[in-house]
Amino acid sequence: MSTDERQLVESAIEDLFASHPPADTPEKEFWGAQFDAGLAWVQHPEGFGGLGVGPRWQAEVDRRINEAGGSTRNRYLNVLGIGMGAGTIMAHGTPAHQERFLRPMFAMEEIWCQLFSEPGAGSDLAALATTAKKDGDTWIVNGQKVWTTLGHLAKWGLLVTRTDPDVPKHAGLTYFIVDMEAPGVDVRPLYQITGEAEFNEVYFTDTPVDDDMRLGEVGQGWAVSMTTLMNERVAIGGNVSPRGSGSIAHAVEAWQKMHGEDGDAGLRDQLTAYWVESEAMRLTAIRAKEAAQKGTPGPEGSTAKLQWADLNKAITSFTIDLLGPEGMTYPGGYEFTRPEQTANRESSAHKAYLRARANSIEGGTSEVMKNILGERVLGLPGEPRVDKNVPWREVPRS
Amino acid sequence: MSALTAPAPVQPFVLSDEQRALTEMVRDMLQSASPTERVREVMMDGGFDQTTYAQLAELGLTGLTIAEEHGGAGASFVELSVVFEELGRRLACVPMLSSAVLGTTAIQVAASAEQQAAWLPDVAAGTARLALVHLDPAGRLAADPGVRASASGDGVTLDGTAGYVIDGMSATHLVVAATTDEGLKLFHVPADADGIERRPIDVLDLTRPQATIVFSGVEVAADAALAGNSQAGLHAALTAGVVMLACEQVGGTREVLARTTQYARERVQFGRAIGSFQAVKHRLAEMLVQSESARSAAYHAARMLAAHEIEELRVAAPLAKSYCSEVYERSTADSIQLHGGIGFTWEHDAHLFFKRAKSSKLMFGSPKHHRALLADVLGL
């Protein structure tokens, strides 16, 4: 079976490279051809960007494209679509949705964003209050979303709304694809502590959404959202970075610049302790990957986000301390720009320090992550819930 | 490490089916042979658990890394790491670290083939137990003055005092690092030789006895001197000791996490299991995160040890020892806190792990010491 899959993938790669040499084909044209060759999401059925083979072959495909001088940067430039939207559309969309959206998404002709979080629904996503009311074949959307990455560039959004306030919170949600150019959609930059607006606020005022843009049944929005969030985990947990890279590299650099000569023993010990934990965490990522590939995943796969968040905050802060007076500066000043990437990959130690504050908030706060580990991995009982079996309308909200 | 079991390619993190079977076998055996009651009985008595040790020998675990030609199992340090994790879980009072790791490795690396053939089969069989004598009474490594060897006839005479000898009271043979005119040398000496006086140390961790050993004109035959590179033998023994101790710490950490989690599920206050309170749950979640990273660090070092990746071990060994030590210490301290009053009693096992954690943290150099070694390697 696996040999057949290898041959299938191999010959698809060869045909693609022959017709569209990765180094010499314009990016968008190449990505379109990659989709047509079934190498966009190899696990999708043929005709939908895949070959119907195991998802593990994707890493091999991407590696080959990069080696041949091609680009796979669409995966992070359009991460909300390619990483999260595609899987949701495959699982819950109609053939018409799949036909219409997947190829332009992969070829970066249309950027996607995710419209989940709200000012009143952060950790408690299911409490969200943006409403969609049915009017014939159209839904009318009103409300506000927040932390919308790529919202200012997006053509389409993955939107969760409340369609029934009279049932418990998880039961009254419905999921749509929304046209970000539709009437009543207002995207505003949300400037964060780095001075950049990596995110947006999105306001909906009587925005019409056709019923045929619904993913899943009315009232099934929570289940569809979970598909999206499961895909988020997969999209984020990909490669293991090399030893000594990331924030610890900034710290080592700052150490060598400022203290390589004086060799302050206390700072050196602290720096090494951070290096040790970074490396232990990296080894855990390798171990988790091996275990997952072998089909024996254990708790080592669930701890990375929490550990990384707290460690990254600590190391980036320590790096600024190492810099001494220079730690009081912000090189280049606050720029108030709207970056076109989700994560600014070459950021200064100063910007990394400020950006890291969000690590323990975004994608699940550290407090929520600890609840999840405690309850799902260790089997500890949950907190008593005051919102269980209570209609959403009656639950207190801030 | 030329004389150790032949190097194998670096093994994956995930244990093979055989290695998992070994884990289960050792776990089952120790569960019945070394329950808490047995550990407490032996530790109050100051000796070692002879029945459990005999069972370990029967299963071939006392000579796990000893070559088959010398009566051992010819397995690698990955297999031994699995054994140490289980020993750490049960706090088994057996001289495995001293004999199967420190003494055995020193002999494998520094002794001649004839010497190995003469000494190792009894170790593998569990009838001889080795202890490594390498610290002075202040705990300094192979320092002068610790034990001094001076020429006398065909052999040497050993004089001086050594401290912190792990399982020094129960060992049948000592591998003694002594200063000679040509530098450090290792000697294989019967523990009951004339002129040797052994005194138990009042230790913090009663499950792992230590001794002070005084050498007064101890006559040693010429062929007791290890024929190869003693310096390399001692270094290899301590590297293996550091890594196996880290694996033992991982076993202890995981056991403490499991027991404390169990308690948090069962203990009810304010009408709820205390594990439902986030203040309790979050501490346990943090313990889980750290125990998983400690496992990775220790497993990585063990597989590098098995593959004789000497360069990588200069990173992996101090990394594992410094990290696992601190995780174990923190976990055992948190465990006492989460148990509340009962965790402070002698009757409860929490203090046994707490003491093992502190003692093993300071054994073979503190985390700070190992971080300094690592910082040198990294050029920081």
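In this predicted model, A:Trp147 is buried, because 22 other C-beta atoms lie within 10 Å and 20 or more are needed for that class. A:Trp147 is placed in the loop between strand 3 (138-145) and strand 4 (156-162) of chain A, and its phi is near 60 degrees, a positive value in a residue other than glycine. Most residues other than glycine have a negative phi. A positive phi, near 65 degrees, is also found at A:Met108, which belongs to the loop between helix 6 (95-106) and strand 1 (112-115) of chain A. A:Met108 counts as partly exposed, with 17 C-beta neighbours inside 10 Å.

In chain B, B:Arg140 sits in the loop between strand 1 (130-133) and strand 2 (147-152), and B:Arg140 is partly exposed, with 13 other C-beta atoms within 10 Å. Although 24 residues separate B:Arg140 from B:Tyr164 in sequence, their C-alpha atoms are 9.6 Å apart in space.

| Helix pair | Axes come within | Crossing angle |
|---|---|---|
| Helix 8 (residues 247-258) and helix 10 (residues 304-322) of chain A | 9 Å | roughly 15 degrees |
| Helix 5 (residues 96-110) and helix 6 (residues 113-125) of chain B | 11 Å | roughly 170 degrees |

With a crossing angle of roughly 170 degrees, helix 5 of chain B is roughly antiparallel to helix 6 of chain B, and the crossing of helix 5 and helix 6 of chain B is left-handed. On the side of helix 5 of chain B the contact involves B:Ser99, B:Thr104, B:Ile107 and B:Gln108, which meet B:Gln116, B:Trp119, B:Leu120 and B:Val123 of helix 6 of chain B. Sorted by class, this contact of helix 5 with helix 6 of chain B holds four nonpolar, four polar and no charged residues.

Helix 8 and helix 10 of chain A, by contrast, are roughly parallel to each other, because their axes cross at roughly 15 degrees and angles under 35 degrees fall in that class. The crossing of helix 8 and helix 10 of chain A is left-handed. Helix 8 of chain A contributes residues including A:Ser247, A:Ala251, A:Trp255 and A:Met258, while those from helix 10 of chain A include A:Asn312, A:Ile315, A:Phe318 and A:Leu322. By class, the contact of helix 8 with helix 10 of chain A comprises eight nonpolar, five polar and no charged residues.

The largest nonpolar core has 156 residues, of which B:Val133, B:Val176, B:Val243, B:Ala298, B:Ala301 and B:Ala320 touch the most other members. The greatest contribution to this core comes from helix 7 (residues 230-266) of chain B, with 16 residues. Apart from its neighbours within four places in sequence, B:Ala298 is in contact with B:Ala246, B:Cys247, B:Val250, B:Ala320 and B:Cys324. A second, separate core has 56 residues, among them A:Trp57, A:Val79, A:Cys113 and A:Trp156.

Finally, the contact between the chains takes 37 residues from chain A and 31 residues from chain B. Helix 8, helix 9 (265-293), helix 10 and helix 12 (366-377) of chain A each supply at least two residues of the side of chain A that touches chain B, and helix 9 of chain A gives the most, with 17 residues. By class, that side of chain A divides into 18 nonpolar, nine polar and 10 charged residues.

Notes
Residues are numbered from 1 along each chain as its sequence is written. Chains are lettered from A and ligands numbered from 1 in the order in which they are written. This is a predicted model: local features need pLDDT of at least 70, side-chain atom pairs count only at pLDDT 80 or more; totals for chains, interfaces and linings use all residues. Axes are lines fitted to C-alpha atoms, for helices over the stretch in contact, and angles run from 0 to 180 degrees between N-to-C directions. Helices (H or I, at least four residues) and strands (E, at least two) are DSSP runs, numbered from the N terminus. Angles under 35 degrees count as roughly parallel, over 145 as roughly antiparallel, 65 to 115 as roughly perpendicular and the rest as oblique. A crossing is left-handed if the near helix is turned anticlockwise from the far one by less than a right angle, and right-handed if clockwise. Two residues are in contact if their C-beta atoms, placed from the backbone, lie within 7 Å. Ala, Val, Leu, Ile, Met, Phe, Trp, Tyr, Cys and Pro count as nonpolar, Asp, Glu, Lys and Arg as charged, and the others, Gly among them, as polar. A nonpolar core is a set of buried Ala, Val, Leu, Ile, Met, Phe, Trp, Tyr and Cys residues joined through C-beta atoms within 7 Å. A residue is buried if 20 or more other C-beta atoms lie within 10 Å of its own, exposed if 12 or fewer, and partly exposed in between; C-beta atoms are placed from the backbone.
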